[in-house]
Amino acid sequence: MLTETDKGAGAHAGAQAAQKLRNLKGVKTVLSPTPTHDPAQTVIQVIPKTGPDSTRTGQLVRDIRAAALDIRETTGAMIAVTGTTAVNIDVSNRLSDSLLPFIAIVVGLSLILLTMVFRSLVVPLKATVGFLLSVAASLGLVVALFQWGWLADTLGLAHTGPVVSFLPIILTGVLFGLAMDYEVFLVSGMREEWVHTGMARRSVTDGARHSVRVVTAAALIMFTVFAGFFPLDDALIKPIAFALAVGVAIDAFAVRLTLVPAVLTLAGRHAWWLPAWLGRALPDLDVEGTRLQTTPQTQHMEPEPAR
């Protein structure tokens, strides 16, 4: 912790601040202020009763910051708290503030792009809801295993505790990319069958038949890659590997290969409906080539050369 005052009063104000910090709950000891090259600054080391990853240590950091205003008014010292726990709290808060805007941008862009590609409202909404369900299920299992300790002994977890703060950002980004890949693989075949036949239920069945093997193979490959890091005895890598492996499995097999065909079958012809005004406003990418002529074209053959 760093205290800063007017020049010449740094040591005295630091000693007063250290005395006030000793009265806070959770403080084991407070070392004597250490002067720096700047006479107005001193460094005070506060040793908590608990470890750096403990919730009580995090609460102590918040208590020190809450008491900073009172200490400044009584001693004239301005306090800045640093250290492993304080940095982790600041990073977690910054990531938490960025998570919702990040998800909103990702989900919003996916809605727009999928609407343009598949000319439908049901498909992008279903894809987005399924992605959010996969992320929620994966994070829930991570919390249950690594924070609450469910099946920790069975899976050989040495210790449980708070999960790394950047895991939701990594999981959202990686799982979104894979989920949209599986969605495009699966639904593009259905859309192509719908354009050619105009039969809603048959298009789902025939389109899925050609894409299921591709999605299954891709999901098994990614699951194996992520699950391969889980046996590592690393408290940082293990929850990330578990979250990605479980997220891929849930999204591919429970959402894309189960919920997607079921929802599109139940929706029938409405699955491929798009309001006329929205269709005119959005650019038509024509992925399936609906504007191509379906009648065979006369081919002009060059005459054979005379022998």
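Colleague: What should I know about the model and its numbering?

Modeller: This is a predicted model, in which local features need pLDDT of at least 70 and side-chain atom pairs count only at pLDDT 80 or more, while totals for chains, interfaces and linings use all residues. Residues are numbered from 1 along each chain as its sequence is written, and side-chain values use heavy atoms, with hydrogens and water left out.

Colleague: How many helices and strands are in the protein chain?

Modeller: The protein chain has eight helices and six strands. Along the sequence they follow the pattern β-α-β-β-β-β-α-β-α-α-α-α-α-α.

Colleague: Where does the kink in helix 3 lie?

Modeller: The kink lies at Leu99, shortly before the proline Pro101, and is about 30 degrees. The bend at a residue is the angle between axes fitted to the seven residues ending there and the seven starting there.

Colleague: What describes the packing of helix 3 and helix 4?

Modeller: Helix 3 (residues 84-118) and helix 4 (residues 122-147) pack at about 145 degrees, with their axes 8 Å apart. The axes are lines fitted to C-alpha atoms over the stretch in contact, and angles run from 0 to 180 degrees between N-to-C directions.

Colleague: Which residues of the two helices meet?

Modeller: With contact meaning heavy atoms within 4.5 Å, the residues of helix 3 that meet helix 4 include Ile103, Val107, Ser110 and Thr115. On the helix 4 side, Pro124, Thr128 and Phe131 are among them. The residues of this contact divide into 11 nonpolar, three polar and no charged.

Colleague: Why is Ser110 called buried?

Modeller: Buried means under 20% relative accessible area, exposed over 50%, and partly exposed in between (1.4 Å probe, protein chains only). Ser110 has 6% relative accessibility, so it counts as buried. Leaving aside neighbours within four places in sequence, Ser110 is in contact with Thr128, Phe176 and Met180.

Colleague: What makes Thr115 count as buried?

Modeller: Thr115, also in helix 3, has 8% relative accessibility and therefore counts as buried. Leaving aside neighbours within four places in sequence, its contacts are Ser120, Pro124, Leu274, Leu278 and Leu282. The buried residues of helix 3 pack against helix 2 (55-75), helix 4, helix 5 (167-197) and helix 8 (276-281).

Colleague: Why is Ala235 called partly exposed?

Modeller: Its relative accessible area is 47%, so Ala235 is partly exposed. Ala235 is in the loop between helix 6 (200-227) and helix 7 (237-267). Ala235 and Thr160 are 75 residues apart in sequence, and their C-alpha atoms are 8.8 Å apart in space.

Colleague: What share of the protein chain do buried residues make up?

Modeller: Buried residues make up 37% of the 307 residues in the protein chain.

Methods: Helices (H or I, at least four residues) and strands (E, at least two) are DSSP runs, numbered from the N terminus. Ala, Val, Leu, Ile, Met, Phe, Trp, Tyr, Cys and Pro count as nonpolar, Asp, Glu, Lys and Arg as charged, and the others, Gly among them, as polar.
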